[in-house]
Amino acid sequence: METSRDTLGHGTGKDRSGAGPRTRKRAPSSGQCGAREHRRRENFLGALPPSPPMPLGLGRRKKAPPLVENEEAEPGRGGLGVGESGPLGGSGGGGPHVGLPPPPPSLRPRLVFHTQLAHGSPTGRIEGFTNVKELYGKIAEAFRLPPAEVMFCTLNTHKVDMEKLLGGQIGLEDFIFAHVKGQRKEVEVFKSEEALGLTITDNGAGYAFIKRIKEGSVIDRIQVISVGDMIESINGQNLLGCRHYEVAKMLKDLPRGRTFTLKLTEPRKAFDMISQRSAGARPGSGPQLGTGRGTLRLRSRGPATVEELPSAFEEKAIEKVDDLLESYMGIRDTELAATMVELGRDKRNPDELAEALDERLGDFAFPDEFVFDVWGAIGDAKVGRY
């Protein structure tokens, strides 16, 4: 529509002075008409002074950024300063300016998790971590412990339940229980069989520990060894800082028919867990990847990311690859399995998968038959063959 007249009576000079049904009694001179037209415009426009010339690049008014609720912002500040947002998103200094930097990290929304020590403690709050090592540091800081005291964490249970072990992902609403070092023990083991019946995992921060003990195995017959025990040394060789696959290989390479010595540290237990021998994860029980709205994915390389809950394909593929890790290498590691599924989901053949694994996970030196089985497990999960 061309008319510019509205309900508030604001119109253009053209609408007010253009031809219409009314007739004028006399035509003013050109000078008088110009003067009257000028006065009419002043009356309708409020006699606004002429606007100063506007610098280039400032012609568009930017929309004020939305307010962000954040517990880190300092409460109770008196009044708004220049550039601070008001209650309606405005600005105390005439609106936001072009070229302002993004808000500082302290004003950005952050993920906050609640935690307790598994043997009993008040509830603490932790945030600002991007990997497992930093997570343990935050927990230690919250409870005023040395970071080296934290062995591993479980999600939503204080028990040494390997099905609830914190791996590479945390549900955004999960509660974190930290297990700290308890009693140390030294055990002599006679290797009567090639397989000891141990499944090893690690906490991502330098501690390898027992995740599962196979029923009826050599280790199962030694009651003092339990799931959750950290392996400090084998025959005097310090294992602090070793990955799970390195520890599993050392145990496998021990000669049959010989006795070897394990130094172990068990997690400190609550009163309701004393004298209980904790159960390990059941084979094929599947990884626990969180119960919240999404998951925080912790990566050994790169920053943590918030992701959606895994799809049915991802859950089954990760479970099958984790089973293969246990079968071939004697370890369980859902983070490693998830990384392998991520690398293999778009590969067209086993050779492409092998190249991707060598590039990203070359330290593991996976055998060819293992890579082929991983390729098959991912392919089975894609088509729903579980």
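The side chains of R221 and E193 meet in a salt bridge, with a distance of 3.7 Å from N to O. Because R221 lies in the loop between β7 (208-213) and β8 (230-234), and E193 in the loop between β5 (176-190) and β6 (198-202), this pair ties together parts that are 28 residues apart in sequence. With a relative accessible area of 34%, E193 is partly exposed. The structure is a predicted model, and the count of salt bridges in this model comes to 14.

A second pairing joins R243 to D333, the closest N and O atoms of this salt bridge being 3.5 Å apart. R243 is placed in the loop between β9 (237-238) and α4 (244-253), whereas D333 is found in the loop between α5 and α6 (334-344), so that the pair ties together parts that are 90 residues apart in sequence. The two partners fall into separate accessibility classes: R243 counts as partly exposed, at 32% relative accessibility, while D333 is buried, with a relative accessible area of 9%. The latter assignment follows because buried means under 20% relative accessible area.

A further salt bridge is formed between E326 and R332, for which the closest N and O atoms are 2.4 Å apart. Both E326 and R332 are buried. These two residues also belong to a network of salt bridges in which R212, D322, D323, E326 and R332 are linked. In general terms, side chains of opposite charge can pair when their charged atoms come close.

The surroundings of Y328 were examined next. Y328 lies in helix α5, which spans residues 312-329, and at 29% relative accessibility Y328 counts as partly exposed. When residues up to four places away in sequence are not counted, Y328 touches P367, E369, F370 and D373. For one of these residues, P367, the separation from Y328 is 39 residues in sequence, and the distance in space is 9.0 Å from C-alpha to C-alpha. For another, D373, the contact with Y328 includes a polar contact between the two side chains, at 2.5 Å.

Technical notes: Residues numbered from 1 in each chain as written. Predicted model: local features only at pLDDT ≥ 70, side-chain atom pairs only at ≥ 80, totals over all residues. Heavy atoms only, no water. Helix = DSSP H or I, 4+ residues; strand = E, 2+ residues; numbered from the N terminus. Buried < 20%, exposed > 50% of the residue type's maximum accessible area, 1.4 Å probe, protein only. Contact = heavy atoms within 4.5 Å. Polar contact = N/O pair within 3.5 Å; in protein donor to acceptor, adjacent residues only side chain to side chain. Salt bridge = Lys/Arg side-chain N within 4 Å of Asp/Glu carboxyl O.
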